[in-house]
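Visitor: Please show me the model, and then let us go through it by question and answer.

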Amino acid sequence: MVENGFGKHAEAAGTPSVLIFYKCLYIFEVVYPFPIAFTKFSILLYYKRLFRVQSIRAPILVVAGLIACWLIYVVSLLSRAKSRAWHR
């Protein structure tokens with residue numbers, strides 16, 4: 001069978017397998033925004049290197065700031081939602 005019951009119904013997998021699944025889901029939800037933001041940053045740095053004109057630098061910095069704000073917002077939103085759900 002599948003280890004930890006992944007691929008089975010929750011009732012058939014049992015409580016320990018369901019708890020392991022939710023612990024993994026929690027970790028993935030917290031970590032997920034970081035690769036998305038770093039991918040966006042790497043694309044912006046590629047554009048900065050590709051287009052060496054000075055006029056592109058300001059828009060790249062603005063978009064990088066927006067991505068950083070988005071990352072902070074998403075992480076704080078996730079942590080706040082997780083905190084509320086944990087204390088219920």
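Guide: Read from the N terminus, the elements of the protein chain follow the order α-α-α-α, where helices (H or I, at least four residues) and strands (E, at least two) are DSSP runs numbered from the N terminus. This is a predicted model, in which local features need pLDDT of at least 70 and side-chain atom pairs count only at pLDDT 80 or more, while totals for chains, interfaces and linings use all residues. Residues are numbered from 1 along each chain as its sequence is written, and side-chain values use heavy atoms, with hydrogens and water left out.

Visitor: In which helix of the protein chain is confidence highest?

Guide: The pLDDT, the predictor's confidence in each residue from 0 to 100, averages 82 over the protein chain, and 75% of the residues score at least 70. Where pLDDT is low, the predicted coordinates should not be read in detail. Confidence is lowest in helix 1 (residues 10–13), at a mean of 67, whereas the highest mean, 95, belongs to helix 3.

Visitor: At roughly what angle do the axes of helix 2 and helix 3 cross, and are these helices roughly parallel or roughly antiparallel?

Guide: Axes are lines fitted to C-alpha atoms, for helices over the stretch in contact, and angles run from 0 to 180 degrees between N-to-C directions. The axes of helix 2 (residues 15–31) and helix 3 (residues 33–50) come within 5 Å and cross at roughly 25°. Angles under 35 degrees count as roughly parallel, over 145 as roughly antiparallel, 65 to 115 as roughly perpendicular and the rest as oblique. Helix 2 and helix 3 are therefore roughly parallel.

Visitor: Which residues make the contact of helix 2 with helix 3, and how many of them are charged?

Guide: With contact meaning heavy atoms within 4.5 Å, helix 2 contributes Glu29, Val30 and Val31, and helix 3 contributes Pro33, Phe34 and Pro35. Ala, Val, Leu, Ile, Met, Phe, Trp, Tyr, Cys and Pro count as nonpolar, Asp, Glu, Lys and Arg as charged, and the others, Gly among them, as polar. The residues of this contact divide into 5 nonpolar, no polar and, as charged, 1.

Visitor: Is Ala37 buried or exposed?

Guide: Ala37 is found in helix 3, and Ala37 touches Ile67, Trp70 and Leu71, not counting residues up to four places away in sequence. Ala37 and Ala68 are 31 residues apart in sequence, yet their C-alpha atoms are 7.6 Å apart in space. Buried means under 20% relative accessible area, exposed over 50%, and partly exposed in between (1.4 Å probe, protein chains only). Because its relative accessibility is 0%, Ala37 counts as buried.

Visitor: Which residues does Ile60 touch, not counting those up to four places away in sequence?

Guide: Ile60 lies in helix 4 and is buried, with a relative accessible area of 9%. From Ile60 to Phe41 there are 19 residues in sequence and 9.5 Å in space, C-alpha to C-alpha. The residues that Ile60 touches under this count are Leu44, Tyr47 and Lys48.

Visitor: How many disulfides does the structure hold?

Guide: Cys24 is partly exposed at a relative accessible area of 29%, while Cys69, at 52% relative accessibility, counts as exposed. With a disulfide taken as a pair of cysteine sulfur atoms within 2.5 Å, the number of disulfides in the structure is 0.
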